[in-house]
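Let us take a walk through this structure together. Keep the sequence and the model in view as you read.

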Amino acid sequence: MELMIVLIGGLLLVIPLLAIIALVRTEQLRRTAYEALEDHRDKIEFLSREIVGLRKELERAQAGGPIQPATAEAAHPPAATPVATPERAAAAEKVTPEPVIPAQPGSAVTPQPIRETPAPRPEPVFQVQDVAAPTAAAIPTIEPPIAQPAEVRSAAFHPTPPAPERTTPEPAVPIPAPVAPPAAPTQPAWAQAGGQSNYAYARSEAAREPQAEAGPPRKTFGEWLRTTLPLEEVLGMNLFAKIGIILLVLGFALLGRVALISMGPGARVALIYVVSGIMLGGGIWLENRERYRLVGRTGIGGGWALLFFTTYAMHHVAAMTVLSSNTIDCILMLAVAVAMVAHTLRYKSQLVTGLAFLLAFFTVALSQDSVYALAAGVILAVGIVAIALRMSWFELEVFGIVASYANHFYWLYKLYPDGVAGHRFPEFWPSAIILMLYWLVFRISYVVRKIRAPRDERISTIAALANTMLLGAVMKFQSTHPELAFYALLGLGAAEFVFGQLPITRRRRPAFVLLTVIGTLMIFAAFPFKFSGNNIALFWMIAAEALLVAGIAQAEGLFRRLGLFAGFVTGVLIVYEAWQIVEFRQHSDAIRIQDGVLLLTCAALFYLNAHLVGHKWREVFDGIDGTLIQLQSYLGGITAFLGIWCVLTRDWTAIGWAALMLAAAVGTRHLQHKPLTVQAGVLAAAVSICAIIVNFHLDAGYPHHVMARLVTMPILAVIFYLTAWAFSGKGDFRVLPYTMSLWLGTSFLVVLAALDVAPAWIAPVWMGMAVALSLTGRQFNLRNLAFQEHLLATGVVVQLLFANIDAAAALERYGPFVCCAAALYALSRWSTLRDASYRRPAAWAHTWAATTVLAALAWHESPQPWLAAIWAVFALALVVVDRIFDVEELPYQTHVLAFLTVTRVIMVNLFTQDKWHGVDVRLITVGIVVGSLYAIARWVRMPESVRDACHLYTWTASGLFAWMMWSELQPISVAVSWAIFGLLLFEIGAWKQQKHLRLQAYVALSAAFVRIFFVNLTAQTLPGEAISPRIYTVAPIALIFFYVWARLQSQKSKPIGSWSVGDLIAYFGTGCVAALLYYQVPPEWIVVAWACLAVALMIAEFALDKTVFLQQAILLTAGIVIRGLAHNIFGGSYFAESGWRGNVGVLSLASALLFGALPLAFKLRTRNADRAMDSWLNRVLAVKRPEQIFFFAPIVLITVMIFVKMNPGMVTLSWGIEGVLVILLGLLVNQRSYRITGLLLLLLCVAKIVIRDAWRLSDRDRYITFIVLGAALTLVSTLYGRYRETVRRLL
Amino acid sequence: MKRIAALAVVLTIAGVALYFAQRGKRQDVVSPDALVNAAADVQRDLTRAPMHFTRIPDSEETRIGDELAQQYVSAAPLQTAEARAMESYVSAVGRNVAAHAKRRLNFRFHLVPNPDLINAFALPGGHVFVGQGLLDQMRSEDELAFVLGHEIEHIDHYHAVERVQVEAQLKHLDLDIVAGLAQIPMSLWQVGYTKDEEFEADREGIRIASAAGYSAQGAVNLLNRWTKLHREYVIHAETPTDELSRIAVEGLEGYFRTHPLPAERLAQANRVIAEDHLAVNQPLKPFHVEYEVTSQEQ
C-alpha cells in the first residue's frame, strides 16, 4: 500500500514536470513555425511586388518607352552603390550625404556637385573641447538621400518622366570618392549589394525603409542617457585623470607644508622635487603615446605645478624654507614659470598651460605668508598675459584675471574674515598697488591685443569687464578709507575713459565703447560718494546734457546714448525726490509754489528734449535712443503731474490734470507722438480717480446739492468730450483714449444724475438719458454712444431690480417698472446703429430685460404659492403672443419662465399646506402649472432641429404628477401607483405614437422597481392580514412588468436605443419575483426557491422561445451557486443539522432541481445551436450551452458541500462516488465535459491523498553589495585609457 | 380586444392591490434596509469561507475575549452591592442556558451598570455583557434567558470571533498583543450583526433557552413588546423629500445597524416554536427572584 502511495506521489510529481517541459518545447516550436510563416509571407510579398514591377516594365517596353526600375529600390539605381568592400564601406561611412534634388519634369537639372570625401578624422584626443567629438561622430545619423548625378543627367538628357517622386526621404546612401561611373540602370539593386541575395537585400531595404519614413527610431531612456551624458567616457576617460592629478598635487603640497616629522626642509624639498620630476617626466613619456596622451598632459601640468610650488616654498613656506633670499627665490620662481610656459607652449595646448597656471595659483594661495608673497601672483599674471598675447589664448587670460584677484581676495579674507572695512592694516598701500598692477597689466593686455576673430573680441570683452569688476570688488573689500572712494572712482574712471580714447583703442570699436562706458559709469558713480540730493542731480544733469550735446555735435552715438541714459537716471532721481508731494497731499492742501515751478520747469526741459530735440534730430534717435528720448517725455509728464498737484488743490486738481490731459491730446493730434497719448490715458485715469475721491463728494447726496460738484463735474465732462474730439480721427493708437474719454464724460454725467436725482426716479432719468444717447448715436453714427446706451439700460434694470422693487409707495414701484419696461420694449429695435452687426442680440437683450423686470415685479407682488401659477400663465401668454406676432425671442423667454416655474413648484408649491376656500392650494397651483406645461408643450414654437425638445414639458408634467402621487399615497402604495401610471403612459404612448410618453412609462416602471427595495420588500404584515403586503404589492408590479414585456413583443416598433427595453422590463419582472423570494422565504431555503424560479424560467424559455428567460435562468443559477456556497455550505449552523431540512438536504434539493432542468437545457441547446447569438451578454452567459451551466452548478455545490460538510475521512470516498456517477452521466448523455469532470474529480481524490503528506518548502533570501573608493582615480583613468576601445564597444 | 381584456385584468389586479395597500392605516418605514441587509448578508456570506479556513483555536479566542472583557470591565466597574447581586443573578441564568450550547467554553456574564444601555453583546471566548437598561425592561426570567441565549449563540456560532478577525484585517491589528486589542471599542459589539446572524442567534437562542427549562413564551413576549415599541417610536417620513434624506442617512449609518425588524424576529420565533414544538404554556419565572432573595439575606 505504501509502495502504491509512493508511486502515485512520484507520478504526480513527474507529470507536472513533463508537462512544463512539453509546454516549453511546444512554445519553441510554435515560435519557430510563426517565424517561418512570416518569412514566407515576406517572400511572397516581395515576389508579388517584383512581378508587378516586371509587368510594368514589360508594358513600357512594349509601348516603346524607356525601361524604369521595377521596384522602389530600383528607382535609385545602384550607380553610387558600389559593391561593398570593407575599405569602401569604411570610406563611405565618412561621407556626408547631400539632400535629394528631385528632377522636375521638363526642366533641366544641374547635377549636384559631390562633396569630396573629407580627410580621415584624426584619432580623438581627450580634451575638454574634444569630448563630444567622438561621441557625436560615432552616432549614425540618417541623412537625406543624395542626388545621383548619373541619374539626374540621365533624366535631363532623356525627356522621359522622372522616377516616381518620393514623399519620404530615402535612407542615406553613401557615396564613395571618386564618384563611381554609372552602372546599368536595369541591373537590380540587390545584385550590387555585396553579393546579397535578392530576397535578403529586399528585406534589408524593407527593414530600413520604414525607419526612414518614421524618422529616427525612438530611443529608450537608457540609450538617450548613454548618448547625451556618456558618464563613463566623461568621467573615466577624462575627468578622473584631471581630478586625480589635482588631488595628488594638492596632497603633496599639504604634505610638504604641514608635517614630515623625521625630515628636514631640504629633504622635503628634495622629495617633492623628485615627485614633481617623476610626474613631469612620466607625463612627458606618456604624452608621446597617443593612448595615454590625456594622462600624460595632466601629469605634465601637475609636475610643473608641483615644481613651481616647491620653488616658491623654498623661501615662503616655513616648513620648507631652505632659501633666505627673497630675491633669489623670486628669480627661481620666475625661471620655473618661464620654463613652465616655454615647455607647455610646446604642446600648444591651452588646457595644459592653463592647468599649470591653475596649480601655480593654488599653491600660492595655500602658502601666503605676507603680502609680498602676492608678488608671485603678479609674476604669474605677467606670464599669463605674455602667453595670451602671443598665442591669442584669451580664455587663458580670463582665467588669469579671476585667479589673480581671487588669490588676492583670499589673502585679504584671511586677514579679516568679516571684511577689512574699518580696520586699517599696514599692508594697505602695497595691497592696493598690487591690485592696481593687476588691473594695469590686464588693461594694457586688453588694449594692445590683436583681434583675429569675433570670438576673440567677445572673450576680450569678458576679460575687460572682469578686470574692472573684480578690481572694484577686491578694493571694496579692503576699503579702509571711504573718503578716497570718490577720488579712486573718478581717477579710475578717467583712466578707463582715457584708455578708451587712445587711437589704438578707437580702431577697435568694441574696446572703445566698452572702456568709454566703463569710464563714464565710474565717473558718474563717483559723485554720490561726495555729494547728495539735488546736487547729484545737478552734476549728473550737466554731465548728461554735455554728453548729449557732444554726441549731437560730434555725431558720436555713444556719447548721445550715454547722455540720454544719464538724463534718464537724473530724471528718475528728480521724480524720486519730488514724490514726497504724494505723501504731503494726504494731509495738507497747502499750495507749494516753489516746488511746483521747479517741477514744471523740469517738465518743460524734459518735454523740450523729448519733443523738440527729438523731433528736430529724429533721424539720429532710433532704436534704443528713440526709447530713451521717449522716456524723457514720460519723465516730463510725471514732473508736470506733480507740479500741477503742487499748485492746484481740492476740486481744481482734477481740472488742472484734465487740462494737462487735453494738452497732451492736442499734442498727440499735432505731433503724432505716442508717449503723449499714453500720458493722456494715464492722466485720464488720474483725473477719474481724483474725481471719484474728491470732486464727486460722495458723502453729500440728494437733496443736498454741492456747488463744487455741480460746477466741476460738467467741466470735467466737457474736457473729456473735448479730449475725445482731439483723439478722434484715424490712428489706431488713439482709439483707446478716444473711447475712454467719451465714456468718462458720459460716466460723470450719469453719476451726477445718480447723486442729484430722487432715488425712486433715477431709473427713469437714466432711461431717458439712454434713449437720448441711443438716438444721438444713431443720428451722428457714434457707435460708442450706442454702447453707452446698452450699459445705461443695464444700469436701469439693475436699479429697478435692486432699488425700486423695495420702494415704499406703489407708484414708485409700478411707475418706474412699467415705464422702463415699455421703454425697453420700444427701444429694442432702435437701440443700435443701423449697420450694427449685433442688432439682433441687442433687440433680444432689451425684450429679455423687459420681461425680466415684469417677472420680477410679479415675483415681488404676488402671494408665494401663486407665483408659480402666474409665471406659468405668463409663459403661456408669451407663447400665444409669439404665435400671433412672431417675435422670435419670446419662446426662449417662455422656456426660462417655465423652468423658473417648475423650480418654484419643486421648491415651494409641493410643500405648501395652504387652503384656498377649502381647497388645497398645492393641488390648484400645481394643477395649473401641469396644465400650462402640457399646453406649452402643445403650442410652443421650437426650431425644427430640436422639435422633440418640447417633450421636456411633458416629462416635467409627468414628473410632477408622479411626485404628487409620492406625496399623497401611503409609502407601500407608491410603487404600485407608479407601476400603474407607467402602464397607462405606455398604453397612451403606444396609442398616440409618442415615443417620449413610452420613455416616461419606462422611467416610471423603473422607479417602481427601485421603490420596492425601499418599502415593499420590508413591509410588515399587519394583524389580520392573511397575505403579506410584500406579496400583494410586489406581485402585481411583476405582473405589470410581464404584461408590458409581452406588449413589447407584439409591437413592431423599433427598440429604443441599441438595447432592448423589453429585455430590461423582463429583468425587472423576474427581479421582482427573485427579490420577493429572497425576502419572503427563510434564508436557508432561498436557494431552493431560486432553483424553482430557475426551472420556471427554463420552462418559460422553452415555451415562449425568448432568450431573455434563459439568460435570467443562467444568472439565477449563478446566484444559487454563490449563495449556496457562501451561505448554505459555509454559513448556517456550524453544527450538523438533523433531518432533511438541514443544509445538506436544502442544497441537495436545490441541486436536484437544477439537475431536473438538464433535459430542458439539452433541448434548448439543440434549438439554439444554429442561431446567431452574438450579443456580449449571450456570449458571457454561454446561452448556447445551457446544459453546461445546469450541470456544473449543482456539481460545484455538491462537491464543495461534500468537502465542507462531510467527515474528512469520508470526503475522498464521497468525491469518488460522485466522480463515478458523473462519468456515468457523461457516458449516458454523451458529454465529454461531464466525463472530464468526473475524471478530474477522481484526480482530485488522488491529489488530496498526496496533500496529506505536504511538501514543505522554505524561502531563501540573498543580497549582494559593492563599494569603490576614490583614491585610485588616476589608476582607473589609466585603465580606461588602456582599454578604451573595449569600453566604447561596450557602451 | 384580447389586448384590452388583458390590460383590464392587469389594471384590475393592480387596482385591487393599490386599494388593499391604501386601505389600512399602515406605518411602513421607507428605508434602505432591504438593500443594506442584503449587502450586509452578501458581505457576511463572502467572509464565511475565509473564516472557515482561518478559524482561530478556541484557546486563542478565549485569550482574546478575556483581554477584551478585562478592558471593558475595568472601564465600567460595579460600584454597588445591588449591581453585583444583579450580575450574579444574570450569571446564574446565563450559566444555566450556556450549559446547552454546542461549544464547550467558559461562559461568563457581566453587567454594564448603565441604565441607558438597552442592549446586550457578546465577546469571543464566552463573555456576555448585559446593559442595565435592558434588564430594566425584563418582565420575566424567561425573557432574560432568551436574551442571554441569543448572545451565547453569537459566541457559539463564531459570530463574535469572526468579527474580531474581520476587524483585525480591516484595521491591520495584531491580535497577539494587548495594544492591538485595545483598539477594538466596545461600540463595535453593540451595533449588532448581520440580519442572517441575528436570525440565527434568535433561532438557536430560543432553542437553548427552552432546553434549559425556560418557556419560549418569554422570547415571544419580549419580541412582541419590541415590535410595538418599534411601531410607536420609529420616525415616519411625511414627504418624499424626508424619505430621500432618511434613505441617504440610513444608507450610510444603517449598514452597521442591521438588526432585522422586531416583527420579523417575532415571526421567526413563532415559526421555530411551532416547528420544534417548544413549550409555551408553562408559567413564566418571575424576574429578580434570586436577586430579591439574595438582598433579603444580606
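Of the 1291 residues of chain A, 45% count as buried, where buried means under 20% relative accessible area, exposed means over 50% and partly exposed lies in between (1.4 Å probe, protein chains only). This is a predicted model, in which local features need pLDDT of at least 70 and side-chain atom pairs count only at pLDDT 80 or more, while totals for chains, interfaces and linings use all residues. Residues are numbered from 1 along each chain as its sequence is written, chains are lettered from A and ligands numbered from 1 in the order in which they are written, and side-chain values use heavy atoms, with hydrogens and water left out.

The secondary structure of chain A comes to 49 helices and two strands; these are DSSP runs numbered from the N terminus, with helices being H or I of at least four residues and strands being E of at least two. Among the contacts in chain A with a separation of 6 or more, 71% join residues 24 or more positions apart, a contact being heavy atoms within 4.5 Å.

Now to the helix pairs. In chain A, the axes of helix H39 (residues 1061-1080) and helix H40 (residues 1086-1104) come within 9 Å and cross at roughly 155°. Axes here are lines fitted to C-alpha atoms, for helices over the stretch in contact, and angles run from 0 to 180 degrees between N-to-C directions. H39(A) and H40(A) are therefore roughly antiparallel, the word for angles over 145 degrees. Where they meet, H39(A) brings residues including A:Val1073 and A:Leu1077, and H40(A) brings residues including A:Trp1090 and A:Leu1093.

Another pair joins two chains: helix H36 (residues 971-992) of chain A packs with helix H1 (residues 2-23) of chain B at an angle of about 160°, their axes 9 Å apart. That angle makes H36(A) roughly antiparallel to H1(B). The crossing of H36(A) and H1(B) is left-handed. Among the residues that meet are A:Ile980 and A:Leu984 in H36(A), and B:Leu7 and B:Leu11 in H1(B).

Next, the aromatic rings. How many aromatic pairs does a search of the whole structure find over all chains? There are 34, counting rings of Phe, Tyr and Trp (its six-membered ring) with centres within 6.5 Å; planes under 30 degrees apart are stacked, over 60 edge-to-face and the rest tilted. The rings of A:Phe1191 and A:Tyr1234 have their centres 3.6 Å apart and planes at 20°, so they are stacked. A:Phe1191 belongs to helix H45 and A:Tyr1234 to helix H47, 43 residues apart in chain A. Both A:Phe1191 and A:Tyr1234 are buried. In chain B, B:Tyr89 and B:Phe287 pair edge-to-face, 5.4 Å centre to centre with 75° between the planes. B:Tyr89 is buried at a relative accessible area of 1%, and B:Phe287 is buried at 12%.

Rings also meet charges. The charged end of A:Arg508 sits over the ring of A:Tyr446, 4.8 Å from its centre; this requires NZ of Lys or CZ of Arg within 6 Å of the ring centre and within 35 degrees of the ring normal.

Finally, A:Trp579 lies in the loop between helices H20 and H21 of chain A and is partly exposed, at 45% relative accessibility. Beyond its neighbours within four places in sequence, A:Trp579 contacts A:Ile638 and A:Leu642.

Note on methods: Angles under 35 degrees count as roughly parallel, over 145 as roughly antiparallel, 65 to 115 as roughly perpendicular and the rest as oblique. A crossing is left-handed if the near helix is turned anticlockwise from the far one by less than a right angle, and right-handed if clockwise.
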